[in-house]
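Please look at the sequence and the model displayed below. The paragraphs that follow lead through selected parts of its architecture.

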Amino acid sequence: MQFEIEREALLRPLQAVIGVVERRQTLPILANILIDKGPDRLSLTATDLEVELRTEQPLEGGQPGQVTVPARKLMDIVRNLPEDASVHLAAEQERVVVRAGPSRFSLATLPAGDFPTADDVEAAQRVRLPQSQMRWLIEKTHFAMALQDVRYYLNGLLLELAPRQLRAVATDGHRLALAELAPELHIEEPAQVIVPRKGVQEMLRLLGDSDDEVEVILGTGHVQMALAELRFTSKLIDGRFPEYQRVIPDEDGPCAVVDRETLRKALVRASILSNEKYRGVRFGFEANQLRIQSNNPEQEEAEEEVPASFEAEPMEIGFNASYMLDALGTIDEPTVHLHVRDASSSALILGEKNRDARYVVMPMRL
């Protein structure tokens with residue numbers, strides 16, 4: 001195998017796939033990327049056995065072949081070459097030699113046949129939509145995923161497809177985030193898959209805010225995302241996601257209407273003196289204001305008063321400040337609605353007009 005390519009044309013796909021390569025691997029070959037030179041194309045593949053990223057681009061000339069090389073070393077070499085450099089790669093016995101002008105580097109290789117590539121995903125469902133819409137779904141929900149929970153199905157993001165609905169849901173058992181779109185999806189029957197945390201993080205990194213299309217392919221054990229010159233594949237979590245619809249409060253209960261940014265800043269200040277472990281704050285709902293109080297084991301206290309409209313009997317509810325701040329940080333509207341029924345019920349947090357993103361935070365005993 002040998003080929004010649006401009007530095008920028010090689011650096012761009014290297015930067016795209018390098019995020020998948022873990023610094024500590026269970027298998028030495030997982031520190032490598034697979035370089036596959038075809039008659040008229042070049043592809044680079046990286047994997048950690050859970051997720052796989054493959055780029056492909058046209059490249060005429062050279063000699064076809066496959067080889068694996070240390071990913072981060074090749075990346076560092078190419079990144080530090082002059083911008084206008086032309087890079088020549090050639091496999092020579094058990095080495096890959098990289099030449100650029102007067103520079104020469106010899107890298108160790110491992111057999112390409114040992115590289116664990118994912119099988120082609122047998123599509124159960126295929127959907128196409130703008131990248132910006134897919135990114136919006138993930139941005140609005142991914143923060144609520146659990147982190148290393150023994151209930152492994154919570155350590156990922158639920159993607160739910162129906163004929164006129166695409167929904168993302170995440171929960172860690174203490175709070176829930178839901179976002180949905182109503183695109184025209186040509187699917188035969190509803191489907192649910194759970195994408196693991198790393199897969200979600202990579203999808204968020206790869207998706208842009210443009211109207212360029214992304215194709216999402218759902219298989220029995222994998223989800224695949226196809227962009228212009230890039231294919232991302234992730235294993236799915238094999239488990240049953242909780243019946244999340246049952247924990248979303250109705251909007252018919254008492255509702256506090258508050259300026260989002262005023263509430264967010266007051267909550268940040270009050271949380272400074274909350275218990276560092278539990279992050280609990282007390283919300284006091286009254287006719288014309290929302291009082292926020294916190295204290296900690298050192299007997300330090302904070303109190304904030306925020307203007308609010310609340311047409312119900314006064315009540316007090318404890319919440320985790322971090323969970324509330326996460327929800328407020330993802331709402332784009334200037335005014336938010338907090339639906340609260342009583343001190344033992346979860347709160348539903350919404351933007352004033354947009355109901356496509358909803359957040360649920362469970363109460364705390366303080």
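The axes of helix 5 (residues 260-271) and helix 6 (residues 321-330) come within 10 Å and cross at roughly 155°. Here helices (H or I, at least four residues) and strands (E, at least two) are DSSP runs numbered from the N terminus, while axes are lines fitted to C-alpha atoms, for helices over the stretch in contact, with angles from 0 to 180 degrees between N-to-C directions. Helix 5 is therefore roughly antiparallel to helix 6, a term for angles over 145 degrees. In this pair, Arg 260, Leu 263, Arg 264, Leu 267, Val 268 and Ser 271 of helix 5 meet Ala 321, Met 324, Leu 325, Leu 328 and Gly 329 of helix 6, where contact means heavy atoms within 4.5 Å.

This is a predicted model, in which local features need pLDDT of at least 70, side-chain atom pairs count only at pLDDT 80 or more, and totals for chains, interfaces and linings use all residues. Residues are numbered from 1 along each chain as its sequence is written, and side-chain values use heavy atoms, leaving out hydrogens and water.

Four strands form an open sheet in the order 1-6-7-8, with antiparallel pairing; two strands pair if DSSP finds at least two bridges between them. Strand 1 (2-6) and strand 8 (103-108) stand at the edges with a single partner strand each, so one side of each has no neighbour in the sheet. Strand 7 (residues 95-100) is joined to strand 8 by six bridges, and Ala 100 stands opposite Ser 103 in strand 8.

Helices also lie across these strands. Helix 1 (residues 7-17) lies across strand 1 and strand 6 (86-92), at about 95° to strand 1. Helix 2 (residues 71-79) lies across strand 7 and strand 8, running at about 170° to strand 8.

Note on methods: Angles under 35 degrees count as roughly parallel, over 145 as roughly antiparallel, 65 to 115 as roughly perpendicular and the rest as oblique.
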